[in-house]
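Colleague: I would like to learn how to read a model like this one. Could you walk me through it, feature by feature?

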Amino acid sequence: MPSPRRSHEPITLRVARTLATALGERDEGTRAHCERVVALADMLGTACKLSRNELRVLHVAACLHDIGKLGVPDDVLHNPGPLDAAGWAVMRTHPERGQRILATLGLDHADAVGLAIRHHHEQFNGEGYPDRIAGEAIPVVSRIIAMADSYDAIATRRVYRDARPHHNTMATLEAERGRKLDPWLFDRFAALIEHSPLRAM
């Protein structure tokens, strides 16, 4: 039996891709969403001139930002319509679940990646979850993932609604500028996405 071909990809990225594949086996839609979020987050992080280490943390955290959904029950994760209050309460545990998963792996930058995952649903005005932190207290990597996550969540089809066109998506996000989203990051993203192949139709 031939030995597996050695990869030159850093172990952290290989483990991240393995976990993302496992999540895809559970929920194909989440896997595809995470891939798009990675591309959007990498684009924005590079434009913001993050350091090499910050870009590495951003890439892995974007890849795994929804990994906590592995612990969300099927009746919530695969609900065919909008969730009720009880369902949302369970779904909102996925950032903390994701951080706990990362903490068990002993990977390079695991603490930073786990923290970025934990805070990717915080809001700039402090009304997000799980910790209701605000503004620049939210890690910049989390704020970038939130921007990319929000764009893809609106611009792509969900089981309970159709995809929205780019101009409609951007109008919705602009209304969340300074409330949910970091206003400076929104402005950078808005300029970048207009000329990007990642732009929705």
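Modeller: Gladly! Let us begin with salt bridges: a salt bridge is a side-chain nitrogen of Lys or Arg within 4 Å of a carboxyl oxygen of Asp or Glu. Please keep in mind that this is a predicted model.

Colleague: How many salt bridges does a search of the whole structure find?

Modeller: The general idea is that side chains of opposite charge can pair when their charged atoms come close. Here, the search of the whole structure gives 11 salt bridges. One of them joins Asp-152 and Arg-36, with the closest N and O atoms 2.5 Å apart.

Colleague: Where do Asp-152 and Arg-36 sit in the chain?

Modeller: Asp-152 is in helix H8 and Arg-36 is in helix H2, so this pair links distant parts of the chain, 116 residues apart.

Colleague: Is Asp-152 buried or exposed?

Modeller: A residue counts as buried when its relative accessible area is under 20%. Asp-152 has a relative accessible area of 3%, so Asp-152 is buried.

Colleague: What links Arg-177 and Asp-187?

Modeller: Their side chains meet in a salt bridge, at 2.8 Å from N to O. Arg-177 lies in the loop between helix H9 (166-175) and helix H10 (183-193), while Asp-187 belongs to helix H10, so the pair ties together parts that are 10 residues apart in sequence. Arg-177 is partly exposed at 38% relative accessible area, and Asp-187 is partly exposed as well, at 37%.

Colleague: Which residue meets Arg-179 in a salt bridge?

Modeller: That is Glu-176, with 3.5 Å from N to O between the two side chains. Arg-179 counts as partly exposed, with 36% relative accessibility, whereas Glu-176 is buried at 14%. Salt bridges can also form a network, as with Glu-28, Arg-31 and Glu-35.

Colleague: Let us move on to a histidine. Which side chain makes a polar contact with the side chain of His-33?

Modeller: The side chain of Asp-149 does, at 2.7 Å. His-33 lies in helix H2, which covers residues 28-47. His-33 is buried, because its relative accessible area is 6%. Leaving aside neighbours within four places in sequence, the contacts of His-33 include His-65, Asp-66, Asp-152 and Arg-158.

Colleague: And how do I read empty space inside a model? How many cavities of 30 Å³ or more does the count come to?

Modeller: Rolling a probe the size of a water molecule over the atoms shows where empty space is left. In this model, the count comes to 1 cavity of 30 Å³ or more. The volume of the largest cavity is about 60 Å³.

Colleague: Which residues line the largest cavity?

Modeller: Among them are His-119, His-120, Glu-122, Phe-124, Ser-142, Arg-143, Lys-180 and Asp-182. The lining divides into 4 nonpolar, 3 polar and 4 charged residues.

Colleague: Ser-142 is in that lining. What does Ser-142 touch, not counting residues up to four places away in sequence?

Modeller: Ser-142 touches Leu-115, Ala-116, His-119 and His-120. His-119 and His-120 also line the largest cavity. Ser-142 is found in helix H8, which runs over residues 140-155. With 0% relative accessibility, Ser-142 counts as buried.

Conventions
Residues are numbered from 1 along each chain as its sequence is written. This is a predicted model: local features need pLDDT of at least 70, side-chain atom pairs count only at pLDDT 80 or more; totals for chains, interfaces and linings use all residues. Side-chain values use heavy atoms; hydrogens and water are left out. On a 1 Å grid over the protein atoms alone, a cavity is a set of points where a 1.4 Å probe fits but cannot get out, and a pocket is an open set with protein on both sides within 12 Å along at least five of seven lines; lining residues have an atom within 4 Å of a point. Grid points are joined across faces, edges and corners, and a volume is the space filled by probe spheres set on the points. Ala, Val, Leu, Ile, Met, Phe, Trp, Tyr, Cys and Pro count as nonpolar, Asp, Glu, Lys and Arg as charged, and the others, Gly among them, as polar. Helices (H or I, at least four residues) and strands (E, at least two) are DSSP runs, numbered from the N terminus. Buried means under 20% relative accessible area, exposed over 50%, partly exposed in between (1.4 Å probe, protein chains only). A polar contact is a pair of N or O atoms within 3.5 Å; within protein, one must be able to donate a hydrogen and the other to accept it, and residues adjacent in sequence count only if both atoms are side-chain atoms. Contact means heavy atoms within 4.5 Å.
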